[in-house]
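Reader: I am new to this structure and would like to go through it with you. Could you show it to me, please?

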Amino acid sequence: MADDISSFLGPVTSTKEWCELNYVRSSYIAEFFNTISNVPCIILALIGLVNALRQRFEKRFSVLHMSNIILALGSMIYHATLGQMQQQGDETPMVWEMLLYIYIIYSPDWHYKTTMPTFLFLYGVIFAILHLQIRFGIGFMLHYALLCLLCIPRTYKYYIHTEDRSAKLLAKLYVATLLVGAVCWLCDRLFCKHISGWYFNPQGHALWHVLMGFNVYFANTFLMYCRAQQREWNPKIKHFLGFFPYVKIHKLKAQ
């Protein structure tokens, strides 16, 4: 039955397959856990988006939260189908999102206001075109890791200049979820043959999705706090439902 459904949805053309058996939990979803594990990211991004809109943060943060939602939806479609085109629809938004993070992190101190967004936009367009034509494989992962590394120096600068303990905790939670998520991703990728023989599959890639949902939420909230500090909006870290941190600001009437 799995083979019939697979041919109905189209053959598996993705260059990557993860350590989850296809069409086991559902006849219509290739990788069930890897698909539904993107839901927390969508929910968290919606919480962040509502807060950004309600308090009238700069539009860049609304776009950032929406990009998280788009990325999660792309990942869901990819893992549900395991198609090559869907894989590109998952990977290309990952790069676009990192370019957006680079803009948000570095733009406050960038003296030439139009050069950075223009360059990043053209970079994103060129990458998308090339990615349609070329299967980068390991090259994509190295490229994505490099974009992530570019964000570290300025983010660390924000961290050491932040005095609020709750805000610093967000940065620590960001690092913790990233490290644990990376271990889950690597174990799922490198030790799949051993894991497949276990009675229980821990679904490392699905755990990566869940942890990355929290990871980007903590990152976004920390960056919103730092930006509010720069704008002198008197930011405070509050908690929605007693658990989900968000930034509460107080703008002067002139602003």
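Reader: Is His209 buried or exposed?
Author: His209 is buried, with a relative accessible area of 8%; buried means under 20%, exposed over 50%, and partly exposed in between, using a 1.4 Å probe and protein chains only. This is a predicted model, in which local features need pLDDT of at least 70 and side-chain atom pairs count only at pLDDT 80 or more, while totals for chains, interfaces and linings use all residues. Residues are numbered from 1 along each chain as its sequence is written, and side-chain values use heavy atoms, with hydrogens and water left out.

Reader: Where is His209, and which residues does His209 touch?
Author: His209 lies in helix H11, residues 204-230; helices are DSSP runs of H or I with at least four residues, numbered from the N terminus. Not counting residues up to four places away in sequence, His209 touches Asn34, Ser37, Asn38, Ser75 and His79, where contact means heavy atoms within 4.5 Å.

Reader: Which residues does UniProt list with His209 for "binding site"?
Author: The unreviewed UniProt entry lists His79, His205 and His209 under that name. Such annotations may be inferred rather than shown by experiment. The three span 131 residues in sequence, yet no two of their C-alpha atoms are more than 11.4 Å apart, so they gather at one spot. The lining of the largest pocket takes in His79, His205 and His209. A pocket is an open set of points on a 1 Å grid over the protein atoms alone, where a 1.4 Å probe fits, with protein on both sides within 12 Å along at least five of seven lines; lining residues have an atom within 4 Å of a point.

Reader: What about His79: buried or exposed?
Author: His79 is buried, at 1% relative accessible area, and sits in helix H4, residues 59-81. The side chains of His79 and Glu31 are joined by a polar contact of 2.6 Å; that term covers a pair of N or O atoms within 3.5 Å, and within protein one must be able to donate a hydrogen and the other to accept it, while residues adjacent in sequence count only if both atoms are side-chain atoms.

Reader: In which UniProt "binding site" set is Glu31?
Author: The unreviewed entry lists Glu31 with Trp18, Glu20 and Asn22. From this set, the lining of the largest pocket takes in Trp18.

Reader: Where is Trp18?
Author: Trp18 is in the loop between helix H1 (2-9) and helix H2 (32-36). Trp18 counts as buried, at 9% relative accessibility.

Terms used:
Helices (H or I, at least four residues) and strands (E, at least two) are DSSP runs, numbered from the N terminus.
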